[in-house]
Amino acid sequence: MENKHTDEEEREKIEIGLLLEGIYRYYGFDFRNYAYSSLRRRIWHRVYSEKLQTISGLQEKALHDRACLDRLLSDLSISVTEMFRDPGMFLKFREEIVPVLRNYPYIRIWHAGCSTGEEVYSMAILLQEEGLYDRTRIYATDMNQASLEKAKAGVYPLEKMKQYTQNYIEAGGKQSFSSYYTAKYNSVIFDPSLKKNMIFAEHNLVTDRSFNEFQVILCRNVLIYFNKELQDRVHKLFYESLSPNGFLALGSKESIHFTSYADCYQVISDRENLYMKFT
Ligand SMILES: C[S@@+](CC[C@H](N)C(=O)[O-])C[C@H]1O[C@@H](n2cnc3c(N)ncnc32)[C@H](O)[C@@H]1O
């Protein structure tokens, strides 16, 4: 009985490995070092949604049918996000990081894995309130083109505004949150002036290189989906892309501790996962 179980697990591992290898070699999307258990769950979800029986069946379909591949990609790139997510992080950013940023004539910020952009608009609002936005350029990247299109539009569901307003207040917001958007039917559009210093671009953390030097990098709720080896590789990319004394912000379940780069950063807040690169 036990052997049968192990055999099935072994076969499943082989099938997942072949599926990911095929997608990488044919399309260039590299999920080979994503965390296994979440990957496995999402692949099976796609197998059933496509009314298939096996992961090998999904491999055949994904390699021959681009639309199926796109559905799988959207399953694998979890896009959940919100404005002022983890308000305590934004509050700490205002209190501890903004005073340092005031010393720079020009500020470059990279949101890596920005999804549909809510985090980016939150940062633009915060910087505008602190009088820093005019000298900041925000680079917002993601591997998911469909998410980036939504981010560029800056249109979000009206029903979310109640929670976002609460987050904004807890994050130390200084105005009325509704002054930043206009409601139309069931959506809101954020003030286009917030976009003036944002640059959205496709960038894959696994396969693409650094493209600038930044005073701040935010990569929140992305590394959690990567295995240890890939996390270390991406930390190398961030370390090389940060200016001396640059800041790194990770997600609430992510930490620099236990990575190969732990000693390269000073902790600004362990609770909010904010770090500063040593010179
Ligand atoms: C859960 S969202 C996080 C969004 C936002 N940073 C936040 O914390 O609310 C994860 C994002 O990471 C992106 N992502 C996953 N793997 C990536 C990769 N290899 N390169 C770039 N972005 C990636 C996904 O497309 C998705 O938009």
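Trainee: What distance separates the centres of domain 1 and domain 2?
Mentor: The centres are 31 Å apart, taken over C-alpha atoms. Keep in mind that this is a predicted model.

Trainee: Where does each domain run?
Mentor: Domain 1 covers 2-76. Domain 2 covers 87-277.

Trainee: How many residues are in contact between them?
Mentor: On the domain 1 side, 9 residues. They meet 11 residues of domain 2.

Trainee: And what area is buried there?
Mentor: About 900 Å² between domain 1 and domain 2. Carbon and sulfur atoms give 54% of that.

Trainee: Which residues of domain 1 lose the most area?
Mentor: D30, N33 and Y34. Together they make up 57% of what the domain 1 side buries.

Trainee: How many salt bridges cross that interface?
Mentor: The rule finds 0 salt bridges between domain 1 and domain 2. It does find 2 residue pairs in polar contact, both at pLDDT 80 or more.

Trainee: How do the touching residues of domain 1 divide?
Mentor: Into 5 nonpolar, 3 polar and 1 charged.

Trainee: New topic. How many aromatic pairs are in the whole structure?
Mentor: The search finds 23. One of them is F84 with F177.

Trainee: Why is that pair edge-to-face?
Mentor: Their planes sit at 75 degrees, and over 60 counts as edge-to-face. The ring centres are 6.4 Å apart.

Trainee: Where do F84 and F177 sit in the chain?
Mentor: F84 is in the loop between α4 (66-76) and α5 (87-101). F177 is in the loop between α8 (161-170) and β4 (181-184). The pair links distant parts of the chain, 93 residues apart.

How values were computed
Residues are numbered from 1 along each chain as its sequence is written. This is a predicted model: local features need pLDDT of at least 70, side-chain atom pairs count only at pLDDT 80 or more; totals for chains, interfaces and linings use all residues. Side-chain values use heavy atoms; hydrogens and water are left out. Domain bounds come from an automatic or database domain assignment. Contact means heavy atoms within 4.5 Å. Buried area is the accessible area (1.4 Å probe) that two parts lose on being put together, summed over both. A salt bridge is a side-chain nitrogen of Lys or Arg within 4 Å of a carboxyl oxygen of Asp or Glu. A polar contact is a pair of N or O atoms within 3.5 Å; within protein, one must be able to donate a hydrogen and the other to accept it, and residues adjacent in sequence count only if both atoms are side-chain atoms. Ala, Val, Leu, Ile, Met, Phe, Trp, Tyr, Cys and Pro count as nonpolar, Asp, Glu, Lys and Arg as charged, and the others, Gly among them, as polar. Rings of Phe, Tyr and Trp (its six-membered ring) pair if their centres lie within 6.5 Å; planes under 30 degrees apart count as stacked, over 60 as edge-to-face and the rest as tilted. Helices (H or I, at least four residues) and strands (E, at least two) are DSSP runs, numbered from the N terminus.
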